[in-house]
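Dear colleague,

I am handing over the structure below, and my notes on what was found in it follow directly after. Please read them alongside the coordinates.

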Amino acid sequence: MGNKGTGNESANRNEGTDGLPVSLESCLLDLRQAEETIRQQQRLLYQSEAQHNLLFDSLDEGFCTVEVLFDNADQSIDYRFLKVNGVFEAQTGIENPLGRTMREIAPEHEQYWFEMLGRIALTGKSQRLEHWANALGRFYDIYAFRVGDPMDRQVAILFKDITERKRQEELQAYLLRLNDALRSLSDPIQVQDVVTHLAMKHLGADRCYYCEIEEGNAIIRRDAFRADLPSVANVYPLSDFPILSTVINAGHPFVVFDAHTTELLDDGLRQLCLQTQAISFVDIPIIKDDSPCGILCITCCEPRKWRKEEIELARETAERTWIAVEQARAAEALRESEENYRAIVNQSIAGILKIGLEGNMLFTNDQFCRMLGYEGAELLAMHVNRIVYPEDHERNAAAFHGLVSEGRAYEIEKRFVRKEGAIIWVNNHVSPIFNNKGEVDAAAIVSIDITRQKELERQKDEFIGIASHELKTPITSIKAYGQILAAMIDQSSVPPTFTQLLTKMNAQIDRLIKLIYSLLNTSRIAGNQLTLQLEPIDLNGLLEEHVRQGQLTTSRHRITFIGEKLPSVMADVERMGQVMDNLISNAIKYAPKGGDVIVRAESRGGWVRVSIRDFGVGIPKEAQEKIFDRFYRVNDASAGGTSGIGLGLYICREIISRHQGQMAVESIPDEGSTFYFELPVYTERQ
Ligand code: ADP
């Protein structure tokens, strides 16, 4: 190198024709020139190496050059470190590697690495890969390529420790798999089954199970385990393992690396661990509401140094398992309660209906469908008005409006039209359903078919109507005969008992007539035949007259009238008189000890209000609305067994309501009652 030149050069340097220097000087000159060239090249080489070193040292990736060592059969068996950069040690954990071989440094380094580097050294084919290095406990991203003379079998490796990234990726993938698996499960036992299998596989463990803690027992319902191991599913009283109980109660993970040697176990628990081959384990207690409710256990048959992130993963798994189990339980409980509720609702003898605020039907039970003769699906596609009898629409809509605007529940008797056109009577209890903002969202209706009851009532009314009508004529005649008899008697010629008996008979005939008229009125009201002869009247005169008449019937009561100047009202004089007689006679009857009865009339806005107050037995709260029903009587000994049939107030209220007025009572038991009614003031326009 350098001592050979072109033909021209040799001519310049006085070479002979055979190529030898022609003189010593020229020979020395050549040598000096060659030396100079070498120095120059060394300088260049040095500079380039220094640059390379600088470059590699400034990399944040690890770099090394190794010489791959082969056996006689050209199998790569080891490699020696020739060169490493500054971060090599940080990236591998290997100190002072230069000149040492990998087998010296880490004898258990996997064969895979030797084979891979050997292949590159032999073929020159570079390789890029990500791989786990067990002996170093790290994951690497690697680029390896042959350098220098192939005969030197040197390979340069650029690498990066990606253990953390890999762990994160694996963790994410595991959690995703776990979530995917749990999402579709609704059975708590199945949840435990899936979780334990996934966790066992992911952590490379030999057994995994989820214990539920119930009433001092750890219950293992399902466990995942290596094929050659037995299941440990059973019920274990926690009192048998005090150490376990203490650790669980503290809520910390219970981690054992080696059950043979650890001081964390007492004899009982160690025995159980050895029996079940749980040589190393991680137990994660789940604490809810300050007490343990479950434990996720992951065990290995060999000693194992559990890493921090494995324990963290077990903790995460335990938490998710608990949530999934609880959700599955809640869903199961909800399903069960829904089934119960559905069964109850569908077996109910009452029709049950839910309607939206627009009147669209949202739910119907079987009985409601039977009552209406429709299929459930048909009803759900209909507006409720389609089944309400047209004449009842207005009344129905008014009551429903009160529910929508004020959330007021109500009860209504009305008619429905069945699919084939028949009409049924129902008694509906309608209650509001509120949303979570407290607004009325829908209405729940419990509907009872009262068609049969209505028919019986109609028959009864018909009978009462006919009977009272038929009785009216003979009793009127009897009354006339009684009066004639009384007028004909010569009191001086008959014994006094005779006169007394005749008077009593006439009084009883009067009572009987009153009763018959009450019955007649009732059947007229039911048949909508109660007619009124309306005229504008001054109530004061009428009230005074009836107070006076009332006073004549009692000596133990003092009936007072307090009036004021009243505007006229439109009323039927006879019917209003009937109302006053009834209220005054009740005030007397239900104050058997006597006392004051105060009748008051006053004008209030567009109304005239009349009240009748007594200081008698009063009416219990729960009966105060019912006393206006037909045939209702308060069953109270304090009323002293007063006679009556419970029709008076019913007729009074009907008469008042047909005058467009209203009637009510205020009463305190043992203190007395005030009945009052209000009638609208008469105006010319009426
Ligand atoms: P009757 O008096 O014939 O029983 P009513 O319809 O007039 O029928 O009255 C119904 C019930 O209301 C009575 O049975 C009684 O229990 C109660 N009641 C009516 N008026 C009074 C009153 N002034 N004080 C207490 N209870 C009364």
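To begin with ring and charge, arginine 653 lies over the face of phenylalanine 628, at 4.0 Å from the ring centre, where a charge counts as sitting over a ring if NZ of Lys or CZ of Arg is within 6 Å of the ring centre and within 35 degrees of the ring normal. Lysine 288 likewise has its charged end over a ring, that of tryptophan 322, 4.4 Å from the centre.

Before going further, please note that this is a predicted model, in which local features need pLDDT of at least 70 and side-chain atom pairs count only at pLDDT 80 or more, while totals for chains, interfaces and linings use all residues. Residues are numbered from 1 along each chain as its sequence is written, and side-chain values use heavy atoms, with hydrogens and water left out.

As for the ligand, 19 residues surround it, the closest being Asn586, Tyr590, Asp614, Arg633 and Leu649; a residue is taken as near if one of its heavy atoms lies within 4 Å. Of the 530 Å² of accessible area that the ligand has on its own, the protein covers 96% (Shrake-Rupley method with a 1.4 Å probe; for residues, only the protein chains shown count as cover).

Turning to the aromatic residues, the structure holds 11 aromatic pairs, for which rings of Phe, Tyr and Trp (its six-membered ring) must have centres within 6.5 Å, with planes under 30 degrees apart counted as stacked, over 60 as edge-to-face and the rest as tilted. Tyrosine 79 and phenylalanine 81 form an edge-to-face pair, 5.7 Å centre to centre with 75° between the planes, and tyrosine 112 and tryptophan 113 form another, at 5.5 Å and 85°. One aromatic cluster is formed by Tyr79, Phe81, Phe88, Phe114, Tyr140 and Phe159.

Best regards
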